[in-house]
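Dear colleague,

Please find below the structure that I am handing over to you. My findings follow it.

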Amino acid sequence: MRAFATRVVICLPALCLFTASTIPAATPLFGVPVERTANRPDSAWVAVRGSAVPDSSVLHNSKKSLRVEPSPASPDAAVRSAPIDLTIGKTYEVSGWVRTEDLTVRDLDRSPIPSGAALTMASMPFDVHSVSLAGTRDWTRLSLRFVATRAQDQILMTAGSGGAFKGKAWFEGVSLDEASPADSWPARDAVKTFGPAYRYPAAGWVYLHIEGKPYERGYQHGYLMSREIPEYLARCAYDLSGKTDAQTWNAYRTSANALFLRGFDREILEEMRGIADGANAAGAKWLGRKLDLIDIVLANTTVEMGELASAMQMTPTGLEGTQFDLPPYAGKHDSPMDHCSAFAATGSATRDGKMVIGHVTWWPQTLSEQTNVMLDIKPETGHHLLMQSYPGGIESGTDWYQNDAGVVLTETTIRQTPFNVQGTPVAFRARMAIQYAGNIDEVVKQLGTRNNGLYTNEWLIGDAKNNEIAMYELGTSHTKLWRSSKDEWFNGTTGFYWGNNNAKDMAVKMEYLPDPQGAPEYVPFVPAVRDLAWQEMYRQYKGQIDEQFAFKAFDSAPLVSASTMDAKVVSSAMANKMMVWSEFGRPNESVLAAPRDNGSPNHGLYPGGYYMLSAEPSEALTASVAANEKTRLTGANSDESRKPAPVSFRDRPEKLWKGWVLPASDADAWFVAGSAAYYRMLASPDVSKAVDTQLVRYRGLKLAGDSPENRFRIEEIKGTLYLDALRRKIGDDAFLKLMGDYFAANTTKTVTAQSFLDVAKVPFEVADPGNGPAYLPGDIGRHLASAVIVYGTASEAGTNRYAAEQLQTRYRERDQREVPIYRDFEATDALLAHKDVIFIGRPETDSALAAWSGKIGLDYQAAVFRLEGKTYASERSSLVFAAKNPLDATHMVVVYAGNSPLETARSLSAMAGEAPAFALEDGKAEEAAAGGRRRGN
């Protein structure tokens, strides 16, 4: 895959968003002054929505600016450049200066989540844009680095895109030029390798590249996905039976062995055996044992296994024609059918006459949550292929395939037709089609040969080499093929095929009725609500269909639903380069939350936004793979293994003193309260970290207002710090004897602190805590009256908004506090200066947090953070981080951020912790980070 990052302030893994002043090239590819704006189509700049007027009263670099405002006809604004010639797959940067005045943005709907004043490209999804600005901001340079997906594209200057805005924005110096792909995502720390294979996270996806002979590439797959494969097997078991016990799983293994295993050829069986062996070599276990070939076969046929009952209802038994009356108490059961929505367009229907294909999957949540593997296979024989899959998959499951011959293959499920026990699984036929087919004829042949009928589909096929598209309804015994090259269309939609689980061909539909004595049913095609929606969109956009058509179609009902889990969109140019706009999660930016059923393995589906994936690795990725594989082979030890064991008396309570004493006066509280608190600290897992936490609290109390409680807490903390210094000075044994003897002699008595100092013979002195962390995440509960929540919109906006709203609801219901929510571009320093700020999303997704990261000591670059000398680059990692508000230290900052959308959402459920910052894995605290060593916050 190729996707690019930034070295400046805000960086998406695929696109770089700048707010610092990088100096552009002297002669950009496009740099026509914005004052050359008119309403003629041939102008350098054209206002396509809103109002855009050159403004000589607002200059930047002594040049006129372009003032952008809403208009009576449009609540948002967009100004488009003239077409710019680009090279597909090459890296570019669009940049410009932007100023705003009283710019406010409001939602028109839940999706899209609107942006402020921003830059983007005409080809891009609605949620891909530069950092945006709102409020009143002085001239700020914005920039977006991207990989070209069109040979000709256009710059867009936007304000309020996706919503409505008031106020003004000015643009000046907008240009586009080539850019270096250096520092591209993935960061080296995020890349895991095994031989030539590698994996890394990207916007909720796991990109997995494997190559070579069948067993070898399977072994690579299993080794790199060893943690995820057993998790996916558990999902398969739950999806099939609602439980994950060995007895039930073994019954399904027997069925898979009998019905499906021998339907795969030797090549794919070797690949699956390699997956099992590779996972086992990396330590995988499933139901207390090692994995084997049949486990992997069952994982790859779970969908077909689930359709078997429906297929058998359609399969003749020999009793057809005989009338049987059901008893009155017998209910009718219809198997639920998984749904999808898809289209393929070409010729007169599209903007450039070339192919465009898009697909969204409607899928059970249990399987969908791990169908986030973008599997890149470079086999020894056949085509290089890219497909959406799952851990342990040799096929797509959701049926999204591309190959280096420019072939794109996808489908929507139709009603189940009969089962052909002599046939082969669709998992095998679809994999063979994309690996060995170079055109539509070859795809159709592979799909239709020895078809077992299970998981009946209406396939959409595209060939980017000649921009031909086809629709292939594949029943068990009957098929129907429509081809653009033969000018074959359904319902008069020239240049356009669509699919949404409603079969169109009469002969295929007749297979639903194996019994001539069955209940009456109307067989001919009847358009459903999604059929009507597709046809209406076709009529509205005929001749202009492109990627934007797909983004719009997949943004709202009825073409997406509660079970929609993804989106994939390709143009002809992208297909030829094995590129794809992909979203994991609902493409309308909404969240499918985890069910409350504790028996479910589900965690929820959290949108990561559209993301451009490519099978062509960048130079930086190639270098990272080589370097990381060298490190893996040398077996370099982690510094973690050389750290000394922490001091703790948790497992040695008998060493600690017993009893209690009372203070003679307030002046003696430091010793009495401090000794009790220090007793608890010695029983903690790490005394050093407990002491660091006390230093954090000490600093926070010094910043807080004076009160009797605060004065007491300060004295208590001073006591713990004195006793810790005493222990380290005289040694553990001497200290514990001293404490034991003193308490044995004085327990239950009223004592003075001086009486202890007399026997300790060390004066009571506690150093000032100095600068450093002053807040713990849990402290925010005492600051809610002045708190605000700021969520990121630069990317992953749907997830960040959901998390912000969940947190707001928690505070409202639990704490009876109404904490307002702001988008990142609304959060100016003036707004945040005297607030306790809760940031949702890592800096690359939250521009307001990005502006403060250096000031609060947060080391978080792209989707990698560092804490206490350790690097966290896994998609399973997240961070909870507290610091002082850099504009007013009497207020605090809390950050909830994950390396993936899921982990950002799960970070909210973390316990407060006894450290100002701590890392989590899978939403659970991995370890508390030491509290007193971070600077600048």
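In what follows, contact means heavy atoms within 4.5 Å. The structure is a predicted model, in which local features need pLDDT of at least 70 and side-chain atom pairs count only at pLDDT 80 or more, while totals for chains, interfaces and linings use all residues. Residues are numbered from 1 along each chain as its sequence is written, and side-chain values use heavy atoms, with hydrogens and water left out.

Confidence

The pLDDT (the predictor's confidence in each residue, from 0 to 100) averages 91 over the chain, and 91% of the residues score at least 70. Over residues 1-26 the pLDDT is below 50, and this stretch has 110 contacts in the model beyond near neighbours in sequence. Residues 928-937 also stay under 50, and the model has 42 contacts for them beyond four places in sequence.

Buried residues and cores

Residues are called buried at under 20% relative accessible area, exposed at over 50%, and partly exposed in between (1.4 Å probe, protein chains only). A nonpolar core is a set of buried Ala, Val, Leu, Ile, Met, Phe, Trp, Tyr and Cys residues joined through side-chain atoms within 4.5 Å. The largest such core has 180 residues, and L176, F343 and F554 have the most contacts inside it. Beyond four places in sequence, the contacts of F343 include W498, W534, F549 and F554. Another core, of 34 residues, lies apart from the largest one and has V672, M681, Y698 and M739 among its members. In soluble globular proteins, nonpolar side chains tend to be buried together.

Helices and strands here are DSSP runs (helices H or I, at least four residues; strands E, at least two), numbered from the N terminus. Helix α8 (residues 426-436) is mostly covered, with ten of its eleven residues buried; among these are R429, R431 and Q435. S368 is found in helix α7 (residues 365-368). S368 counts as buried because its relative accessibility is 1%. Setting aside residues up to four places away in sequence, S368 touches W363, M565, F584 and L605.

A helix pair and a strand residue

The axes (lines fitted to C-alpha atoms, for helices over the stretch in contact, with angles from 0 to 180 degrees between N-to-C directions) of helix α1 (residues 214-224) and helix α4 (residues 266-281) come within 6 Å and cross at roughly 35°. Residues of α1 that meet α4 include Y215, R217 and Y219, and those on the α4 side include E270, R273 and I275.

R80 lies in strand β7 (residues 77-81) and is partly exposed, with a relative accessible area of 31%. Although R80 and V48 are 32 residues apart along the chain, their C-alpha atoms are separated by 6.7 Å. V48 is one of the contacts of R80 outside four places in sequence, which also include W45, Q154 and L156.

Backbone features

The peptide bond from S111 to P112 is cis, with omega near 0°, and P112 sits in the loop between β9 (91-107) and β10 (117-121). W185 and P186 are likewise joined by a cis peptide bond, with omega about 15°. P186 belongs to the loop between β14 (163-178) and β15 (192-194).

S62 is not a glycine, yet has a positive phi of about 65°; this residue is in the loop between β5 (51-60) and β6 (63-69) and counts as exposed at 71% relative accessibility. Q816 has a positive phi near 55° and counts as exposed at 64% relative accessibility.

Yours sincerely
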